[in-house]
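Subject: Structure for your set

Hello,

Here is the structure I said I would pass on. My notes on it follow directly below.

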Amino acid sequence: MAKITLKNLRHSYYPNPKDPADFALKEINLDWQDGGAYALLGPSGCGKSTLLNIVSGLLAPSDGQILFDDQDVTDLPPDARNIAQVFQFPVIYDTMTVYDNLAFPLRNRGINETEVSTRVTEIAQMLDVNDMLQTRAANLSPDNKQKISMGRGLVRDDVNVVMFDEPLTVIDPHLKWKLRSKLKELHQRVKATMIYVTHDQIEALTFADQVVVMQEGEVVQIGTPVELFERPAHTFVGHFIGSPGMNVLPCELRADAVYLNDTKIEIEGPATTTNAQTYEIGVRPEFVTIADTGLAATVHKVADIGRHSIVEALIGEVKVSAMVQGDTPQKGDQIYLNFQQNQTRLYGDGWLCSTAKGAK
Amino acid sequence: MKKHNQKAWLFVLPVLILVAFNALIPMMTVVNYSVQETFGDNLFFWEGLGWFEKLLRSDRFHDALGRQFLFTGLILIIEIPLGIAIALSMPRKGFWVPVCLVTMALPMLIPWNVVGAMWNIFTLPDIGLLGYFMNHTLGINYDMTQDPLAAWITIITMDVWHWTSLVVLLAYAGLVSIPDAYYQAAKIDGASNWAVFRYIQIPKMKNVLTIAILLRFMDSFNIYTEPFVLTGGGPGNSTTLLSIDLVKIALGQFDLGPAAAMSLIYFAITLLVSWLFYTLMTKDDLN
C-alpha cells in the first residue's frame, strides 16, 4: 500500500505532439493518499483509462513522473510496480480452476504453496467463491468471472494500489449493485488504495471517498461526492453529476450584480473575477422552486420520475429545470421561479467564481 | 387418434435428392464393386467380403498405410509447431501485417500439380536450383529419383512449404482475437512469456488449431497430386502413399473390386481418425 503522486503528468498518443489538442492528458498533478478509495469519473474519451494505464505501467507517459511513496516508478514495468488491475471485461485463465486462477499471481512470484493456500482461501471467503474453487474458471457466469479477476488483484497482500477500469460494464444490473457493495466491503477489509475508473456517476459516488472528475484530459475537480454535488467547480461537473444536471444559464455581470434577461438574480456571494469572457448562473434543479412571484417562465415539459417531477420551463429562450414535489403545473402554464440564494452560483468562463457568504 | 399432415416431408425432398446424387449413389456404386469380381463385359460375380479380407492381410496395403501415417505424422509434427511459431512472430498491427499475410498466403494459391512440377524441376540434380547446389556446390549426393531418403525429405519439405501457411493464418487469426487486457493482466500478474503462451495463447488458439490439425490431417492423408507429380511413388515404392497405390490398383491394373474395397477402408480410416480427434478436442467444451 502506498501513497501515489502524479507530477506534471502529460501524455500524447502522437509521437511529436505540438498542439495542446494532441494530448490525451494535459498536465495532471494529483496526490492519492494511502488506503483511500478514489474514483476517476468522466465521459468516454476524457483520458481516465489513459491515466489508469500510466499508473499501472502499461503505458509510458510522454512527460512527468509517477511516485509511489515518493519513489519514482515512472520507468518501472507493471510487474515491478506491484499493482493490481481489474479490467472492463473479466480476464480469467480459461484452462485453470478458480483456485489456480487466484493462486497464479502468487505462484508467479515464487511464494510457497502453504502460504498460497492460506491467501487463496481467505480471498475466496471474502468474495463468496469458496464453493467453486475446484471448478474450471471458463464455466463461470460473467459476474463470478469478474469476481475472480478482482480476487487475483486482491490476493497479494503487498499491492500498492488496486485499479478498476469500469469493472461492472458487462455485469447484469441486479448483480451490479451486489458487486458494488462487495467492493466497498473489500476496501474496508483490505485497506488497500483503490482507484475506480467509471463514466457512471452512481458507481463513482457510491464507491469513492474522493472523486476525481476529468474532462478532455484535464482534472476539473477533486472532491467528496457531497462537494461535487453542492459546489461544482466547473459547469461541466454540475452538468455531469446529478440527474438531471445543474441548470447553467447564460447571464450578465453588471456593476457587481448578476442579471438574467434583465432580471436581477441574487447569487450566494460576491464574484471573484470581473474579467471573464462569459458568465453563467449555476443552480441545481433541487434548489429551484415554483412560487407566486419571481422569474416569469412558461412550462415546456413535465416529466414524472417517481417521487417527484421534473418541470422544464423556458425563461425567454433559456431552459430551466426544477424538481417539484406534489402538484405540478401543466404544459403551457405561466409560472414564477425562485432560485435558493445560497445554492445559486456564478461561473466565469465555465469555472466557479462566486464565494459563499461567510466563507473565507 | 389425431391425424397429422405429412405434406411437410416434401420440403425435405430436394435435400434428399441432392445428397443422394452427390454422396449416396456414388458411394453405393463403390460398395457394389467392393463385394464383386468382374472380368469385363459387364459380367459380375459375387465375392462377399473377400476383397476386404485379402486387402487387410496384404503386405502391400500395410506398407502403403504405414507410409501414409508416417507422411501425415511427420508433416503434422513439423507444420503445426512451425505454423504457431511463425504466427507468434508476425506483427499484430501496422504496415507489415498485410505484407506478411499476402506472403504467407502465396504458396497456398499455387495449384497442386504445379507445386509438384516446380519441386521436381527445383530438385533435379543437374539443372534444378536446389539439386545443382546440393550436388555440385556442396558436394552432397542428393537425387530423389535414386535415394528414398532424399525423396522423403523432398516431399515433406514440399508439403511444409505448401501448407504451413494454412496453419499460420489460422493460428494468427486466433492470436489477434485475444483482447489486449489478457496480456496486460498477465503482465500485472507477473506471468512469464512461457506462462502467457501456455495459459493464454494456446487456450485461446485451441479451436482454430483443432480446425488446422483436422484440415491438415485430412488433406495430407488424402494427398495425391503433389507426390504423384514429384516422385510418382518412387524410387521403387518408397513414396507410394495410399492414394497413389489406390490409383495404381484402380486405373493401372483395373482391379475394380480390390480398389473399391480399399477406397472404403481408406475412407473409414480418415473418418475414424477425424472423428476421434475432434471428439477428444471438443470434449471439454461440452460440459
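Helices α3(B) and α7(B) are oblique to each other, because angles under 35 degrees count as roughly parallel, over 145 as roughly antiparallel, 65 to 115 as roughly perpendicular, and the rest as oblique. Their packing angle is about 45°, and the axes are 7 Å apart; α7(B) covers residues 148-176. Axes here are lines fitted to C-alpha atoms, for helices over the stretch in contact, and angles run from 0 to 180 degrees between N-to-C directions. On the α3(B) side the contact includes Leu74(B), Ile78(B), Glu79(B), Leu82(B) and Ile86(B), and on the α7(B) side it includes Val160(B), Trp163(B), Thr164(B) and Val167(B). Two residues are in contact if their C-beta atoms, placed from the backbone, lie within 7 Å.

The model is predicted: local features need pLDDT of at least 70 and side-chain atom pairs count only at pLDDT 80 or more, while totals for chains, interfaces and linings use all residues. Residues are numbered from 1 along each chain as its sequence is written, and chains are lettered from A and ligands numbered from 1 in the order in which they are written.

One residue of that helix pair

Glu79(B) sits in α3(B), residues 59-89. Helices (H or I, at least four residues) and strands (E, at least two) are DSSP runs, numbered from the N terminus. Is Glu79(B) buried or exposed? Glu79(B) is buried, because 25 other C-beta atoms lie within 10 Å. The cut-offs are 20 or more other C-beta atoms within 10 Å of a residue's own for buried, 12 or fewer for exposed, and partly exposed in between, with C-beta atoms placed from the backbone. Beyond its neighbours within four places in sequence, Glu79(B) is in contact with Val160(B), Trp163(B), Thr164(B), Val167(B) and Arg216(B). Glu79(B) and Trp194(B) are separated by 115 residues in sequence and by 20 Å in space, C-alpha to C-alpha.

Chain B annotations

UniProt, in an unreviewed entry, places "domain: ABC transmembrane type-1" at residues 65-277 of chain B. UniProt positions are in the numbering used here, feature names are shortened, and annotations may be inferred rather than shown by experiment. Residues 65-277 of chain B are 77% helix and 0% strand, with end C-alpha atoms 19 Å apart. The unreviewed entry also lists "transmembrane region" spans in chain B, including 95-112 and 118-138. Residues 95-112 of chain B are 83% helix and 0% strand, and their end C-alpha atoms lie 31 Å apart. For residues 118-138 of chain B the values are 67% helix and 0% strand, with 22 Å between the end C-alpha atoms.

Chain A overall

Chain A has 360 residues, of which 41% count as buried. It contains nine helices and 21 strands, and its C-alpha trace spans about 75 × 45 × 40 Å along the principal axes. Of the chain A contacts with a separation of 6 or more, 66% join residues 24 or more positions apart. For "domain: ABC transporter", UniProt (unreviewed entry) lists residues 4-241 of chain A. That span is 37% helix and 25% strand, and its end C-alpha atoms are 26 Å apart.

Sheets of chain A

One open sheet has six strands in the order β6-β7-β8-β3-β9-β10 (chain A), with mixed pairing. Two strands pair if DSSP finds at least two bridges between them. The edge strands, each pairing on one side only, are β6 (83-86) and β10 (218-223) of chain A. Neighbouring strands of this sheet are turned by 20° against each other on average, direction ignored.

Why does β3(A) count as largely enclosed by the rest of the structure? Five of the five residues of β3(A), residues 37-41, are buried. Ala37(A), Ala39(A) and Leu41(A) are buried on one side, and Tyr38(A) and Leu40(A) on the other. In a regular strand the side chains alternate between the two faces of the sheet. β3(A) pairs in the parallel sense with β8(A), residues 193-198, over five bridges, and Ala37(A) has Met194(A) as its bridge partner there. With β9(A), residues 210-215, the pairing of β3(A) is also parallel, over four bridges; Leu40(A) stands opposite Val212(A).

A six-strand open sheet with antiparallel pairing has the order β13-β12-β11-β14-β20-β21 (chain A). Its edge strands are β13 (263-265) and β21 (351-352) of chain A. Strands β14(A), residues 279-283, and β20(A), residues 345-348, run antiparallel and are joined by four bridges, with Leu346(A) the bridge partner of Ile281(A).

Regards
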